[in-house]
Amino acid sequence: MNEATTLSAAIDLSGAWMLDGALDGDDMEMTLPGDILSALVAAGRVADPYWGRNEYDARWVADRDWTVRRRVSVPDAGYDLVLSQLDTVAQVTVNGVE
């Protein structure tokens with residue numbers, strides 16, 4: 001398979017995803033690439049941590065486990081999952097398989 005074929009078969013997973021359990025079990029939409037804290041700030045659920053002493057009120061964000069999910073239809077087998085910009089400890093599952 002040449003590079004042109006590989007690129008045309010790629011599925012772009014950037015865009016809207018769901019952030020599970022954002023606050024009190026309430027799910028919210030977020031955009032990837034992106035990060036949890038920025039999504040919470042954009043949704044107005046956390047004050048800008050770079051303003052004044054707000055970073056102290058946002059410490060709880062780092063103490064939680066977060067789940068980001070999205071349903072994706074793949075037309076056939078034969079795809080490789082390639083992750084870029086994943087810069088934290090993560091467990092990635094596809095159809096329940098890690």
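Author: Helices here are DSSP runs of H or I with at least four residues, strands are runs of E with at least two, and both are numbered from the N terminus. By that rule the chain has three helices and three strands, in the order α-β-β-α-α-β along the sequence. This is a predicted model, so to speak: local features need pLDDT of at least 70, side-chain atom pairs count only at pLDDT 80 or more, and totals for chains, interfaces and linings use all residues. Residues are numbered from 1 along each chain as its sequence is written, and side-chain values use heavy atoms, with hydrogens and water left out.

Reader: Okay, Asp65 then. Why is Asp65 called exposed?

Author: Exposed means over 50% relative accessible area, buried means under 20%, and partly exposed is in between (1.4 Å probe, protein chains only). Asp65 comes in at 76%, so it counts as exposed. You'll find Asp65 in the loop between helix 3 (54–57) and strand 3 (67–69). Its C-alpha atom is 9.6 Å from that of Ala90, 25 residues away along the chain.

Reader: And what makes Ser84 exposed?

Author: Ser84 has 58% relative accessibility, so it counts as exposed too. Ser84 sits in the segment after strand 3, and its C-alpha atom is 9.1 Å from that of Pro33, 51 residues apart along the chain.

Reader: How much of the chain is buried?

Author: Of the 98 residues, 16% are buried.

Reader: How do you know that Asp20 forms a salt bridge with Arg69?

Author: The term asks for a side-chain nitrogen of Lys or Arg within 4 Å of a carboxyl oxygen of Asp or Glu. For Asp20 and Arg69, the closest N and O atoms are 2.6 Å apart. Asp20 lies in strand 1 (residues 15–23) and Arg69 in strand 3, so the pair ties together parts 49 residues apart in sequence.

Reader: What makes this a network of salt bridges?

Author: The structure holds two salt bridges. In the one between Asp27 and Arg69, the N to O distance is 3.0 Å. Asp27 belongs to strand 2 (residues 26–32) and Arg69 to strand 3, so this pair ties together parts 42 residues apart in sequence. Asp20, Asp27 and Arg69 are therefore linked in a network.

Reader: Why is Leu83 called partly exposed?

Author: Its relative accessible area is 49%, so Leu83 is partly exposed. Leu83 is also in the segment after strand 3.

Reader: Which residues form the nonpolar patch on the surface?

Author: Leu81, Leu83, Leu86, Val92 and Val94 form it, with about 430 Å² of accessible area together. Patch residues have over 30% relative accessible area and no salt bridge; like charges are joined within 9 Å, and nonpolar side chains (Val, Leu, Ile, Met, Phe, Trp, Tyr) within 5 Å. Accessible areas are Shrake-Rupley values with a 1.4 Å probe, and for residues only the protein chains shown count as cover.

Reader: How do the residues of the lining of the largest pocket divide?

Author: Into 23 nonpolar, eleven polar and ten charged. Ala, Val, Leu, Ile, Met, Phe, Trp, Tyr, Cys and Pro count as nonpolar, Asp, Glu, Lys and Arg as charged, and the others, Gly among them, as polar.
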